[in-house]
Amino acid sequence: MADIQRNPKQQLISELHNFAAVGDKIQLTALLKHFPSLINETAKNGWTALMYAARNGHFETVQVLLEKGCDRAVTNKSNQSALDIAKFWGYKNIANLLTNLMEGQEPVNQLTSEAREHENYFCRTFLDRKSEKRIESKWLNLKQKQPTSVYILFSNLRPLAVSNEGDNSSNYPRVRLLKLCYEDVKEYLEQTETTTVIFLGVELGIESQVKGSILPTLNGNDPDEDEDELVAWFVLSIDSSAAEEFIQKHQDCYFVHPPMPALLQFSENEAGIVAQARSVLAWHSRYQFCPTCGSATKLEDGGYKKVCLKEDCSSHVGVHNTCYPRVDPVVIMPVIHPDGNHCLLGRKKRFHPGMYTCLAGFVEPGETIENAVRREVEEESGVKVGQVRYVSCQPWPMPSSLMIGCIAFAVSTEIKVDNIEIEDAQWFSREQVMEFLNKKNQSAFFVPPHQAIAHQLIKHWVGMNASL
């Protein structure tokens, strides 16, 4: 009663959000009957009652809130709408409801809408990496054992997933990560010699309150009174025998295989998590010994640093790139003909028949992005490039590259393929490329799927003015 007297409105908002989080539509309806103005009030993190209900999958509660006038277009402090949250947590019925209602509606923030439209796959993140927490071993150990923490399981660089059966629409991922808790993986955490644990980060803008009846707060207090409500995420890699044993016990899930194109079937949010997890695990699996002296190493900093066990190893002095996860920079670019209306695309022998894509290659030591573009294009196709413009980039966890997307402007047109890295390269007209992108062309030619940055770069060129 004293709390209500101190801040009655805030207490009512907290009660409304709690009713939404646990799906208590009777109490929620009664509260809104007396205080209808609370419908769109937000918590400190920007969350509305609709977001809490969507987070925990309470379809009927979502319906009630929508009927009462809850604004579905509101975004929280992490720029997530109720629809984003429902999609991420796999509640297709709620996402369907929100999607259908939002058809034809203007976006609240046009700039944000455009930025998301051009966002590359593997780029979106639902987590704050909290790199400052990696050195706090006590905090990490505590988080590993909390029931609110989320684990995703890997084996041989393959994530554990479940199928979204019965939904073939393009709006939903075909697979989604299976999210586990501490009790699900406790036995594997104890097998330190055969498992690897990497700290991924904490959920953006999501407090433990939103877990509702699924993941309650540890002490039962008001979340605003807790010192640390961060929901931590970890990736746990287990060996093949443990993976097989897990699948036998849980036959509704599987480890995604092969890496491509299966990794392109996740949602945008989960793809970003998969990219981070797979890249760090790939580094760990490839660099199990100290590159300086060859001795054994141990993981530190939440899995983001390797420390040599040999005390007098020179890697202990100074900062060395051998101690941290590596990222390999790759330039990738459509090459624009001097007339502005044709684009140079190529193909490798191992590609599916008819697939053409942007030329690409690794950046060499001591080389700029621009010079790498010019060198790779000339080496592979014989075409010389002048101006180079950066467009966007994409993490590519195969195993850990950063695709640096550029537009290259040719100053020559004669093609001479090297027949080593690529088997063919051709100039395609803007009309031809538009047909490839729209899948209206009946010929054997096609370009990579929309999840690949090559697709987005080609699409970017199509939208450019030919007057360069």
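Visitor: Which helix gives the largest share of the lining of the second largest pocket?

Guide: That's H9, with five residues. Helices here are DSSP runs of H or I with at least four residues, strands are E runs of at least two, and both are numbered from the N terminus. Bear in mind that this is a predicted model, where local features need pLDDT of at least 70, side-chain atom pairs count only at pLDDT 80 or more, and totals for chains, interfaces and linings use all residues. Residues are numbered from 1 along each chain as its sequence is written, and side-chain values use heavy atoms, with hydrogens and water left out.

Visitor: What makes a residue part of the lining of a pocket?

Guide: A lining residue has an atom within 4 Å of a pocket point; the points sit on a 1 Å grid over the protein atoms alone, in an open set with protein on both sides within 12 Å along at least five of seven lines. For the second largest pocket, 37 residues qualify, and Thr 192, Thr 195, Thr 196, Val 197 and Leu 299 are the closest to its centre.

Visitor: Why is Leu 157 called partly exposed?

Guide: Buried means under 20% relative accessible area and exposed means over 50%, with partly exposed in between (1.4 Å probe, protein chains only). Leu 157 comes out at 22%, so it counts as partly exposed. Leu 157 also has a positive phi, near 65°, in a residue other than glycine, and belongs to the loop between strand S2 (150-155) and strand S3 (158-163).

Visitor: And why does Asn 419 count as partly exposed?

Guide: Because its relative accessible area is 48%, Asn 419 is partly exposed too. Asn 419 has a positive phi of about 60° without being a glycine, and its place is in the loop between S15 and strand S16 (424-429).

Visitor: What makes a set of residues a nonpolar core?

Guide: They must be buried Ala, Val, Leu, Ile, Met, Phe, Trp, Tyr or Cys, joined through side-chain atoms within 4.5 Å. The largest such core has 85 residues, and Leu 65, Ile 152, Trp 233 and Phe 266 have the most contacts inside it. Helix H13 (residues 268-286) gives the most to this core, eight residues. Apart from it lies another core, of 22 residues, including Trp 139 and Tyr 188.

Visitor: Which residues does Trp 233 touch?

Guide: Contact means heavy atoms within 4.5 Å. Leaving out residues up to four places away in sequence, Trp 233 touches several residues, among them Phe 88, Trp 89, Ile 152, Lys 179 and Ile 273.

Technical notes. 1 Å grid on protein atoms, 1.4 Å probe; cavity = no way out; pocket = protein on both sides within 12 Å on 5 of 7 lines; lining within 4 Å.
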